[in-house]
Amino acid sequence: MHRSPTVATKGRQETPIRASAARTRAVDIDPRPWRWGHPRVLVEHPDEAAGLAIASGLRFAGYAVAVCPGPRGHGQCPLTGPAGCAPAHDADLVVCSLGYEREAAREVLRELHTRYPATPLLVEVPSEMDAELRELLDGCHPLPAPATPEQIVATVQSLSGHVAEEGLAGA
Amino acid sequence: MRSPFHSEQEAFRFLLLLILALIPIVLAAALGPTWLALVVLAVVLGVLALRVAQRRMRKVRGLELSVKMAPPHVGSAAERRVLVVANDTLDEEALLSEVERLACVPDTHLLLLVPALITTGARLTGAIDGLCDQARVRLKTALDRAGDHGLVVAGEISEADPLEAIEDTFATFAPDEVIVSTRWERAASGLEPRLAGLVRERFAVPVRHLVFEPGSAAQEPDEDTEARYRQEFGEAAARKFGLKTLAGVGILAAVLLSMVALVQSSERDEARAASQIAAAQAAALPPVAKVVVLKIIPEGKLGPEGEKHDAFTTTEFNVRVGQPQQLRIDNTDTVPHSITSPGAGVNIVLMPGTHTYTLLVRHAGVFLWFCAFRCDEWAMQHPGYMSGYITAS
């Protein structure tokens with residue numbers, strides 16, 4: 001029998017948009033909100049097939065999923081604008097596999113960190129990292145790239161269990 | 001167009017926007033003149049139209065981030081739920097065989113969704129029964145055939161837009177895979193070939209696009225064909241949107257012009273009513289002659305005591321306030337006389353001979369006048385002789 005993961009729904013703590021984000025031109029992109037209950041995982045992956053494979057694994061593990069290919073260029077992600085990103089806002093966990101050699105991808109990670117500090121971030125990281133990326137990854141859950149969908153699902157399950165325990169301890 | 005009440009969040013946002021749009025219009029209507037409310041209404045509608053157009057164009061150009069979503073898998077890990085979306089292709093043997101093949105796979109739950117493809121025209125006129133019946137018959141034929149082979153296949157028809165129908169099915173059936181069945185080109189009663197691409201962009205599950213043509217096996221369009229569908233759909237959507245925008249602008253302009261005409265006509269009516277009232281008031285006033293012609297005749301009129309007295313032939317003057325009245329007076333006497341009225345502010349000296357004078361009274365009332373030159377003392381004190389009244393109205 002399939003068992004649903006036990007992720008505690010966390011209370012959201014909004015942090016003010018930083019000056020750099022506020023200066024960014026408003027982006028008219030407004031991804032649709034979630035239509036399914038918790039637990040929800042947002043997967044950020046530029047490759048469609050790989051994103052779908054991870055999503056499939058997560059779905060069968062009992063998670064509602066959203067797959068975002070991430071921004072193609074600077075300022076295109078709604079996370080960096082005032083519109084915000086509904087899937088990120090209501091996700092219980094975010095899997096980031098955007099490839100952090102691009103500034104646009106780092107910007108997303110920065111915004112996720114700033115706006116949703118309570119949401120666990122599972123980041124697929126390259127073996128070689130510069131100092132800036134190392135700093136960005138502070139507080140994240142790194143997973144060496146390339147990770148298989150099974151590894152990602154297992155880590156998400158382990159992290160969500162961790163979150164549930166934290167939630168229970170907090171209560 | 002997607003319903004603004006599709007989800008609670010969207011309905012709330014729609015309501016909030018509506019209230020925010022109505023506030024300035026209501027304020028302008030309550031505090032300012034009608035034209036200001038019309039201007040604010042036009043501005044608000046313009047901004048809304050611009051915003052809708054912007055969003056629509058972003059969607060048409062594919063600038064939106066395509067975030068795909070999917071619900072959690074339902075059932076055991078071995079179970080597989082397949083959604084088949086079809087309409088006119090259900091008449092094809094190849095599709096029915098594919099449905100049977102899928103239904104034979106152990107632990108596979110199959111749902112056959114048949115969107116009734118109700119056009120806007122049919123929706124507006126309420127003529128949807130025929131389309132729903134057609135979809136129902138196709139679905140029943142397919143389900144009966146699966147039943148004949150001892151297979152369990154669920155099915156439903158939907159009156160909603162195909163994409164919305166699929167979205168709703170994701171909420172109730174939670175498919176692990178979607179199969180969209182179309183023709184190579186869109187038929188009148190068939191699904192749009194682009195639908196598969198739209199489902200792929202929206203949902204994080206595998207989507208297969210199967211094309212069925214009469215008498216041939218299922219085929220899958222290659223990437224180039226899907227790209228062509230995307231482009232054609234985008235162009236058609238842009239064209240349709242352009243036409244809708246034009247129609248919308250036309251309707252908006254017609255509504256605004258009608259309102260302006262209505263306001264102007266009501267203002268004209270008010271002005272006409274005011275001028276009619278003024279005319280009625282003017283008609284009620286005593287008539288005013290263009291030029292009053294009269295004479296001053298020494299000993300020209302018999303008094304009650306039987307003696308003749310100096311007299312004006314006309315001693316009652318009707319004038320309009322502020323309007324000069326011409327008097328042509330032939331003073332047949334050898335000395336000057338006058339029309340003097342301190343109350344009316346009038347003092348006209350009338351020299352011997354025939355001259356034209358102007359009588360001007362600046363406020364309304366009935367004023368006594370008299371000749372201020374010493375002449376016939378009795379006549380100077382008796383209206384109708386060398387005295388009389390000026391009525392200014």
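Guide: The expected span of a helix is 1.5 Å times one less than its number of residues. Keep that rule in hand for this predicted model.

Visitor: How many residues does helix α2 of chain A have, and what does it reach from its first C-alpha to its last?

Guide: Helix α2(A), residues 48–60, has 13 residues. Its reach is 18 Å, close to the 18 Å expected. Helix α4(A), residues 103–115, passes the check too: its 13 residues should span 18 Å, and its end C-alpha atoms are 18 Å apart.

Visitor: What follows α2(A)?

Guide: G62(A) does, with a positive phi near 100°.

Visitor: Now a strand. How should I read its two faces?

Guide: In a regular strand the side chains alternate between the two faces of the sheet. Take β2(A), residues 64–68. A64(A), A66(A) and C68(A) are on one side, V65(A) and V67(A) on the other, and all are buried. Five of five residues are buried, so the strand is largely enclosed by the rest of the structure.

Visitor: In which sense do β1(A) and β2(A) pair, parallel or antiparallel?

Guide: Parallel, over five bridges; β1(A) covers residues 40–44.

Visitor: Which residues touch the most other members of the largest nonpolar core?

Guide: The general idea comes before the case. In soluble globular proteins, nonpolar side chains tend to be buried together. Here the largest core holds 82 residues, and V41(A), V65(A), A66(A), V84(B) and A204(B) touch the most other members. Look at A66(A). Leaving out residues up to four places away in sequence, A66(A) touches W34(A), L42(A), V43(A) and P87(A) in chain A, plus V67(B), K68(B), M69(B) and A204(B) in chain B. Another core of 22 residues lies apart from the largest one; among its members are I296(B), L350(B), F370(B) and A379(B).

Visitor: Is S97(B) buried, exposed or partly exposed, and why?

Guide: Count the C-beta atoms around it. Buried needs 20 or more others within 10 Å, and exposed means 12 or fewer. S97(B) has 13, so it is partly exposed. This residue lies in helix α3(B), residues 93–104. Its C-alpha is 9.8 Å from that of A142(B), 45 residues apart along the chain.

Visitor: How many helices and strands does chain B have?

Guide: Nine helices and 15 strands. Of its 393 residues, 25% count as buried. Among contacts between residues at least 6 apart in sequence, 65% join residues at least 24 apart.

Visitor: What about confidence?

Guide: Where pLDDT is low, the predicted coordinates should not be read in detail. Chain B has a mean pLDDT of 86, and 94% of its residues reach 70 or more. The model scores ipTM 0.77 and pTM 0.63.

Methods
Residues numbered from 1 in each chain as written. Chains lettered and ligands numbered in written order. Predicted model: local features only at pLDDT ≥ 70, side-chain atom pairs only at ≥ 80, totals over all residues. pLDDT = per-residue confidence, 0-100. Helix = DSSP H or I, 4+ residues; strand = E, 2+ residues; numbered from the N terminus. Contact = placed C-beta atoms within 7 Å. Core = buried A, V, L, I, M, F, W, Y, C linked by C-beta atoms within 7 Å. Pairing = 2+ DSSP bridges.
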